[in-house]
Amino acid sequence: MRVRSYVSLAATVLLAAACKDLTGPKNALTADESADLANQIGSAIVSAPTSDGGASYTRIPVQANLEAVPVNITVDGRSVPCPRGGTTTISVHIEGTADQATHSLTADVTGSQLPNACGFLVRGKTVFVTATEPLTATAHVEIANGVPVGVHTVTGSGSFTWSTRDGRSGSCTIAYTATRDYTNHTVSVQGSFCSTQLSETSTG
């Protein structure tokens, strides 16, 4: 079972739900850009490398197959390159249990990152992000027999400045909680991303 792949996928699904209906002010990030950037910022934390050198690592190979054993993966202050230049410094801890035989997983993620002129390819344009305070995130996911179950949550907070090569720039504050209940088939999002208020509950 690819532990971080499951966590990353679940977090991305929730972030997409959080941002799918964003609308923002003119000359700022568009709705689609905000959604894409939110996904990439959140995914960066659970995609941090864990299989090579660095301090304070629990050395579990990135693609480890685990059978009903505890999962404990820690990255402490790892500086990694961003997709379109710049760097981000990531700390992340993933803890839970995984069962390869039943394709089941329960995991909790806590993490933070400090992007510095960190470039993301967002809807065909490069957006550079620099944190003005740490960007933090948490996530809880549950998988049973290869299917998501229970209540999954993702939270995000922090602030950053951003700029694009087409001359736009601004500052953003992140403060949101997204919840997806696979038992009751509901999604709830509350908070804000950049200048956009998030308040939605949906079913289905």
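In which strand does Val 187 lie? Val 187 lies in strand E9, where strands (E, at least two residues) and helices (H or I, at least four residues) are DSSP runs numbered from the N terminus.

1. Basis of the note. This is a predicted model, in which local features need pLDDT of at least 70 and side-chain atom pairs count only at pLDDT 80 or more, whereas totals for chains, interfaces and linings use all residues. Residues are numbered from 1 along each chain as its sequence is written, and side-chain values use heavy atoms, with hydrogens and water left out.

2. The pairing of E8 with E9. Strand E8, residues 169-181, and strand E9, residues 186-193, pair in the antiparallel sense over eight bridges, pairing being assigned if DSSP finds at least two bridges between two strands. Within this pairing, Ala 178 has Val 189 in E9 as its bridge partner. The hairpin of E8 and E9 has four residues between the strands, and in it His 185 takes a positive phi near 60°.

3. The pairing of E9 with E10. Strand E10, residues 196-203, runs antiparallel to E9 and is joined to it by eight bridges. Here the bridge partner of Val 187 is Ser 202 in E10, while Val 187 and Thr 203, which are 16 residues apart in sequence, are 6.3 Å apart in space from C-alpha to C-alpha. Val 187 counts as buried because its relative accessibility is 10%, the classes being buried under 20% relative accessible area, exposed over 50% and partly exposed in between, with a 1.4 Å probe and protein chains only. In the hairpin of E9 and E10, with two residues between the strands, Cys 194 takes a positive phi near 55°.

4. The nonpolar core. A nonpolar core is taken as a set of buried Ala, Val, Leu, Ile, Met, Phe, Trp, Tyr and Cys residues joined through side-chain atoms within 4.5 Å. The largest such core has 39 residues, of which Leu 37, Phe 160 and Phe 193 touch the most other members. Strand E5, residues 125-144, gives the largest share of this core, with seven residues. Leaving aside neighbours within four places in sequence, Phe 193 is in contact with Ser 34, Ala 38, Phe 160, Thr 173, Ile 174, Tyr 176 and Leu 198, contact meaning heavy atoms within 4.5 Å.

5. The salt bridges. The structure holds two salt bridges, each defined as a side-chain nitrogen of Lys or Arg within 4 Å of a carboxyl oxygen of Asp or Glu. In one of them Glu 33 pairs with Arg 168, with the closest N and O atoms 2.9 Å apart. This pair links distant parts of the chain, since Glu 33 is in helix H2 (residues 31-46) and Arg 168 is in the loop between E7 and E8, 135 residues apart.

6. The disulfide. A search of the whole structure finds one disulfide, the criterion being a pair of cysteine sulfur atoms within 2.5 Å. The disulfide joins Cys 82 to Cys 118, with 1.9 Å from S to S, and the link is left-handed, with -110° about the S-S bond. Cys 82 lies in the loop between strand E1 (69-81) and strand E2 (87-99) and Cys 118 in strand E4 (residues 118-122), so the pair ties together parts that are 36 residues apart in sequence. Both cysteines, Cys 82 and Cys 118, are buried.

7. The surroundings of Val 149. Val 149 is found in the loop between strand E6 (147-148) and E7, and with a relative accessible area of 30% Val 149 is partly exposed. Apart from neighbours within four places in sequence, the residues in contact with Val 149 are Glu 142, Ile 143, Ala 144 and Tyr 182. Of these, Tyr 182 is 33 residues from Val 149 in sequence, yet the two are 5.3 Å apart in space, C-alpha to C-alpha.
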